[in-house]
Amino acid sequence: MELDTSGVCSMVNLSVLRKILPKFQQQPSKRTFVSYTNEKFHCLGYVVVDVAFRGRSRTLNLYVTSFETDSIFGREWIAEFADLLSFNEFFSISESTKPQPTSSDGRPPSTNTAASSSSPAPRLGSLLKKYQGLFNESADKLNGPPADVKFRDGYQPVFARVRQIPFALRDQYAAEIDKKIASGCYRRVSSSQWASPTHIVKKGSKMRITGDYKGTLNPQLVVNEYPIPRVEELFHRLRGATIFSRLDITDAYMSLPCTKKFCDAMTLNTPTHGLIQPTRAQYSVASIPAIWQRRMETVLRGLNCALNFFDDILVFAKSEEEMLRALDATLSRLQEAGLKLRQEKCAFMLSSIEFLGHTVDSSGLHCQNKHIEAIKNTPIPKNANELRTFLGKVTYYHAFIPNLSTVTAPLRELLKNDKFI
């Protein structure tokens with residue numbers, strides 16, 4: 001059975017139950033459950049079984065389903081054996097690249113009846129070793145034609161003045177530009193009709209530099225249109241998945257080479273290096289997200305086990321064996337495309353994962369507490385813009401809020417008034 005901390009009770013498919021317990025007495029049940037897609041359903045009933053784990057025995061209820069599902073060891077059973085469970089064991093798969101403990105004879109210590117050779121951890125390690133060249137902190141070039149943009153009729157180049165940065169960040173800022181020049185992502189230029197100020201994004205101790213194109217390049221572009229996947233469609237593809245892996249592309253958009261005319265228009269005006277011209281796409285150019293989404297969907301086309309939402313790639317499967325095959329196929333595609341992955345941000349063989357503001361696991365979608373708290377703690381809106389922001393946050397979780405349109409109707413009526421009250 002699969003340990004599932006998100007499952008309320010333990011479940012088994014009827015056909016599986018008949019194989020392991022041919023003579024069973026099924027009891028009726030009126031309990032209602034919620035599926036992966038938030039649809040309510042009823043079990044066929046339950047059987048009372050004796051459950052033994054590490055020397056302890058309990059008599060517990062096992063619920064029976066008519067549809068195909070993995071055998072789930074849910075929270076009701078977990079509560080009876082919680083003090084005997086070692087969660088380091090259960091979550092060690094996602095850390096499989098670390099050295100594993102061994103016994104005195106050099107073999108992994110045995111804590112259950114499964115043979116160590118059947119564990120996915122060594123096979124995952126071998127798979128990652130096979131693609132070790134795919135993991136790198138520096139972006140590579142995505143194969144294919146360079147990205148290009150369409151300019152508006154009668155457009156005029158804009159040259160913006162340099163934007164100064166705090167002295168405390170100056171050395172790191174200069175070092176980051178030097179690194180990008182050395183990698184070929186930037187090049188120095190002596191003159192340009194275009195120039196945009198730089199914008200700094202700090203993530204912990206790391207810094208990302210991009211251009212602030214809001215008042216320079218973006219108004220001159222006909223923004224590239226491409227149908228961005230709806231969140232509902234992406235989650236629909238995840239139905240039935242029980243194991244997940246997340247892949248993080250190194251400096252994703254910086255993997256996308258651009259035409260010379262496009263590169264000229266993205267020129268940056270820096271306080272440390274003068275004019276710097278990117279040779280790859282920049283994050284804040286209006287057309288880049290759509291261009292990237294189209295190119296990544298092309299890379300992953302035909303893979304039913306992987307999807308992307310801009311620079312997030314999610315690999316999903318119904319079993320460990322299926323996940324290993326899915327990872328092999330997906331990593332092969334990314335390698336062929338010329339992309340690189342940042343290993344420290346990748347995660348493998350997870351029973352649940354955060355994706356697009358939700359937690360996804362074998363039982364379905366769940367709201368994230370941090371977002372719920374943000375909604376609950378939102379100050380009372382003082383103007384129409386603040387109210388729209390609040391309604392946007394609430395609407396994102398519309399599938400979990402009964403009668404949302406009715407509840408929010410009075411608030412939406414306020415937005416129709418000329419004066420916000």
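## Overall fold

Contacts between residues 24 or more positions apart make up 72% of the protein's contacts with a separation of 6 or more. This is a predicted model. The protein has 421 residues, and 42% of them count as buried. Its secondary structure comprises 12 helices and 21 strands.

## Glutamine 282

Where does glutamine 282 sit? It is found in a loop. Strand S15 (274–278) lies on one side of that loop in the chain, and helix H8 (288–300) on the other.

Is glutamine 282 buried or exposed? Glutamine 282 is buried, because its relative accessible area is 1%, and buried means under 20%.

Which residues does glutamine 282 touch, leaving out those up to four places away in sequence? The list includes Tyr186, Tyr213 and Ile209. Thr210 and Gly211 also belong to it. Met254, Met266, Leu268 and Ile288 complete the set.

The side chain of glutamine 282 also has a polar atom 3.4 Å from the backbone oxygen of arginine 280.

## Cysteines and disulfides

How many disulfides does the model contain? The count is 0. A disulfide is a covalent bond joining the sulfur atoms of two cysteines.

Cysteine 185 has a relative accessibility of 3%, so it counts as buried. Cysteine 305 has a relative accessible area of 15% and is therefore buried too.

Notes
Residues numbered from 1 in each chain as written. Predicted model: local features only at pLDDT ≥ 70, side-chain atom pairs only at ≥ 80, totals over all residues. Heavy atoms only, no water. Helix = DSSP H or I, 4+ residues; strand = E, 2+ residues; numbered from the N terminus. Buried < 20%, exposed > 50% of the residue type's maximum accessible area, 1.4 Å probe, protein only. Polar contact = N/O pair within 3.5 Å; in protein donor to acceptor, adjacent residues only side chain to side chain. Contact = heavy atoms within 4.5 Å. Disulfide = S-S within 2.5 Å.
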